[in-house]
Amino acid sequence: MVDDWNKIIIKFYNVVPFLIVVVVLSLTIGFSAFQNNLLVSDIGGVVRKRADIRITNIYSSSNSNGGVSYWEDYNVHDISSSIELPNSNSSITYSVVVTNI
C-alpha cells in the first residue's frame with residue numbers, strides 16, 4: 001500500500017512542472033494576442049525656464065508615424081502641450097525659440 005502511494009506521489013511531482021509550464025505559456029500567448037493596440041495619449045510635459053530668458057515661440061517642427069500634436073501653449077513660467085503617439089515608433093519634434101532678456 002505504501003509503495004502505491006509512493007508511485008502516485010512520484011507521478012504527481014512529474015506532472016506538476018509540466019502543467020505549470022503549459023499554464024504560463026498559455027497565459028503568455030493569450031496576453032500577446034490581446035495586446036495588439038498600443039496607444040499613448042494625454043501626455044503632458046512642463047519645462048521651467050530661468051529668470052533671465054524668455055520663451056518667445058514653440059511649434060511642432062515634425063511628426064512621424066502617426067504622432068499628432070493637438071496644441072502647444074507657453075507663458076512666462078512653463079510650456080505645455082497635448083500629443084498622441086498611437087504607435088511604438090511615433091514621434092513629435094518641437095522647436096522652441098528662447099530669447100535672452
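## The contact between Glu72 and Ser69

The side chains of Glu72 and Ser69 are joined by a polar contact of 2.3 Å. A polar contact is a pair of N or O atoms within 3.5 Å; within protein, one atom must be able to donate a hydrogen and the other to accept it, and residues adjacent in sequence count only if both atoms are side-chain atoms.

This is a predicted model, in which local features need pLDDT of at least 70 and side-chain atom pairs count only at pLDDT 80 or more, while totals for chains, interfaces and linings use all residues. Residues are numbered from 1 along each chain as its sequence is written, and side-chain values use heavy atoms, with hydrogens and water left out.

Glu72 belongs to strand 3, which covers residues 68-74. Strands (E, at least two residues) and helices (H or I, at least four) are DSSP runs, numbered from the N terminus. Glu72 counts as partly exposed because its relative accessible area is 29%; the class lies between buried (under 20%) and exposed (over 50%), using a 1.4 Å probe and protein chains only.

Leaving aside residues up to four places away in sequence, Glu72 touches Ile58, Tyr59, Ser60, Ser80, Ser81 and Tyr94. Contact here means heavy atoms within 4.5 Å. Between Glu72 and Asn57, the separation is 15 residues in sequence and 9.6 Å in space, C-alpha to C-alpha.

## Ser69 and its surroundings

Ser69 is also found in strand 3. With a relative accessible area of 17%, Ser69 is buried. A polar contact of 2.9 Å joins the side chain of Ser69 to that of Tyr94. Beyond residues up to four places away in sequence, the residues that Ser69 touches include Ser60, Asn63, Ser82 and Ile83.

## The chain as a whole

Of its 101 residues, 12% are buried. Among contacts between residues at least 6 apart in sequence, 64% join residues at least 24 apart. The chain exposes about 8,100 Å², of which carbon and sulfur atoms supply 61%; such areas come from the Shrake-Rupley method with a 1.4 Å probe, and for residues only the protein chains shown count as cover.
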